[in-house]
Amino acid sequence: MTHKRRYSAAFRHTPTGSLLCNFLLLYILYTLTRAVFVACNWSLFGSHLSAGYLLGLFVAGLRFDTTAILYLNLPLILCFLLPLHWKERPGFYRAVRVFFVIINGIGLGANLCDCAYFPFSGRRTTWSVMQEFGGEADFWGIIRQEMLPYWYLVGIGLALFWALWHFFCTPAPLPAKKKGLVAYYVSQVLALALAAGLAIGGIRGGFTKAVRPITLSNANQYVTQAIDAGIVLNTPFSLIRTIDKKPFVEPQYMSMEEAEKIWSPLHAPADTAAFEGRNVVVLILESFGRQAQEEGFMPFVDSLAHVGRSFAYSYANGRKSIDAMPSVLAGIPCFVEPFFLTPAALNDISGIAGELTRHKGYHSAFFHGAENGSMGFQAFARSSGFTDYYGRTEYEADPHYGGRADFDGTWAIWDEEFLQFFCDKMTEMPEPFVTGVFTASSHSPFRVPDRYKGRFREGSHPLFATISYSDHAVRRFFEKASRQPWFKNTLFVITADHTSMQNAPAFTTDLGLYAVPVIFYAPGLPALSGVDNERVVSQADIMPTVLGLLGYDRPYVAFGQDALNTPPAETFAVNYLTGSDLYQFIQGEWLIQYDGREVVHAYRYRTDPLLRHDLRGQEPAEYTRRLQAVIQQYMHRMNKNELVVK
């Protein structure tokens, strides 16, 4: 036994043995952060995780951990295995140790960040998030503010840094005798050659020629629900694999002629179309998911859902704020990556505002109470046809309002004050006008103005109190708007940008995480009322539906449908599960999940709302074909800059 221990200790202090010990430490710490991730997000996973299934996800995660660890530690491998005599200089391995702690501390810290961010996005963080927030003027101030509620994760992160430093294994000095040096160099060269082969296979995710480098979508083979891919993946892997991601690869499922026959994004007006110059006002409400609606946290918006036209099956096309504006205002859903962050963002596009401003003489303006330029909203508003923009700058410069005192301290002007400003500015506009507003208060750090402390119940998460506050702000907006001369000649559209912090079982499924209200309310159109329990509607349908209600008489491009004039059986929604690289298609009784090559899951979502019974193989073939037609045309038009009818 003593001999074995001595042999083990001797091997541990060889360069190869020390390297393996350090890698073992990393696997342990990655697994630990995965356990913390599951614990922090148990409300999203706990309802369907069994012990055996969870263990399988952890084991599968080692494959993705291997790729991330190898990417981050390739210099470490060279430092340990290159047979160079100068590595014996004082301080060399101390420098290696510092590198090891910093680079792996950042990787493990990224995993901990997703413990908090995952409920908002439903996926591991990708490089697009860095692009999304990197332009914020107070980026680091926002990070500091967001860290406060998660102090325990900061503590865990510090403990991980300590573990990386304390348990780092350093090789013993080179042998003094010449015979030992020869053995050292031979063993190092062999170890380096072996490590090179293993590293290539580990980074690719396999060793055969048939193996393609693993991506986020490979996590799907281990999960029964797409959201569980977040457990299998790790954040460094997700960031690295999406740095140079090319989102718009055009598939060849069929000829373009056949695709257009199956479904086309080109909308042609009816011969009998008679245009009505009605005002259009679009309210995009931060995080107003359907769980909050059903649990009574947005009573006023819910009342509009009944006096206007709403839908029992209505969905967002993305999980992030920057996904919402293209979907809601221009009929462009998020496929693969947010439209804002792709080269296609430079394409010619024509949203609701663009069509009405250029062709019908509307006045147009977009409103967002954050710092001008924040999140890229101002740029997209301009590119989609809004001529004017009102942000925090314009609000604070207006002497009729509270100025900087109405800033919430983190993101934007409080919703109540900013929506009053929004209403007043519309009253100053010539009719007809088209406007949009994006609220901000129902966002972390989930604060309400001091004067309302304790007024709104929190429910299962502090977010819901801020939703109730924002709902109150919307109520006050409509109270004021109803007294304006333009009110009865206005079509209002109310929806959410995305869901957030949903934790009830029906709203944590791959479908429930996209469930948002879509409401059309027009005081001058009393027939536009009631809840539609048949049609499937998404944010991308808003533009075609609005233009249909106005009797718009020109052709345009939008990846949605007129929700009010399309037969219920033909309505559908598509969203992209970015955490697992799956297209999700909902039509009729069926939800199918498609990886670009084949259907991987299928459910009868109306009778199986928790998506527990996978019926893959029984789904209607025509639904898959329609989804393929949508994908192919989307990619084709993005690449060819064909989003506007010339």
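Visitor: What do S13 and S14 form, and how many residues sit between them?
Guide: S13 and S14 form a hairpin with four residues between them, and Gly596 in the turn has a positive phi of about 100°. This is a predicted model, in which local features need pLDDT of at least 70 and side-chain atom pairs count only at pLDDT 80 or more, while totals for chains, interfaces and linings use all residues. Residues are numbered from 1 along each chain as its sequence is written, and side-chain values use heavy atoms, with hydrogens and water left out.

Visitor: In which sense do strand S13 and S14 pair?
Guide: Strand S13 (residues 590-594) pairs with S14 in the antiparallel sense over four bridges, where strands (E, at least two residues) and helices (H or I, at least four) are DSSP runs numbered from the N terminus, and pairing needs at least two DSSP bridges between the strands. Within this pairing, Ile592 stands opposite Ala602 in S14.

Visitor: And how many residues of strand S14 are buried?
Guide: In strand S14 (residues 599-603), five of its five residues are buried, a word that means under 20% relative accessible area, with exposed being over 50% and partly exposed in between (1.4 Å probe, protein chains only).

Visitor: New topic: how many aromatic pairs does the structure hold?
Guide: The structure holds 55 aromatic pairs. In Phe366 and Tyr389 the ring centres are 6.3 Å apart and the planes are at 25°, so this pair is stacked. Rings of Phe, Tyr and Trp (its six-membered ring) pair if their centres lie within 6.5 Å, and planes under 30 degrees apart count as stacked, over 60 as edge-to-face and the rest as tilted.

Visitor: Which strands do Phe366 and Tyr389 lie in?
Guide: Phe366 belongs to strand S4 (residues 363-368) and Tyr389 to strand S5 (residues 388-390), so the pair ties together parts that are 23 residues apart in sequence. Phe366 is buried, at 0% relative accessible area, and Tyr389 also counts as buried, at 9%.

Visitor: What sits over the ring of Trp165?
Guide: The charged end of Arg97 sits there, 4.2 Å from the ring centre, and the rule is that NZ of Lys or CZ of Arg must be within 6 Å of the ring centre and within 35 degrees of the ring normal. Elsewhere, Arg124 lies over the face of Phe37, at 4.0 Å from the ring centre.

Visitor: Last one: what joins Glu431 and Pro432?
Guide: Glu431 and Pro432 are joined by a cis peptide bond, with omega about -5°, and Pro432 is in the loop between helix H19 (415-428) and strand S6 (433-438). Most peptide bonds are trans.
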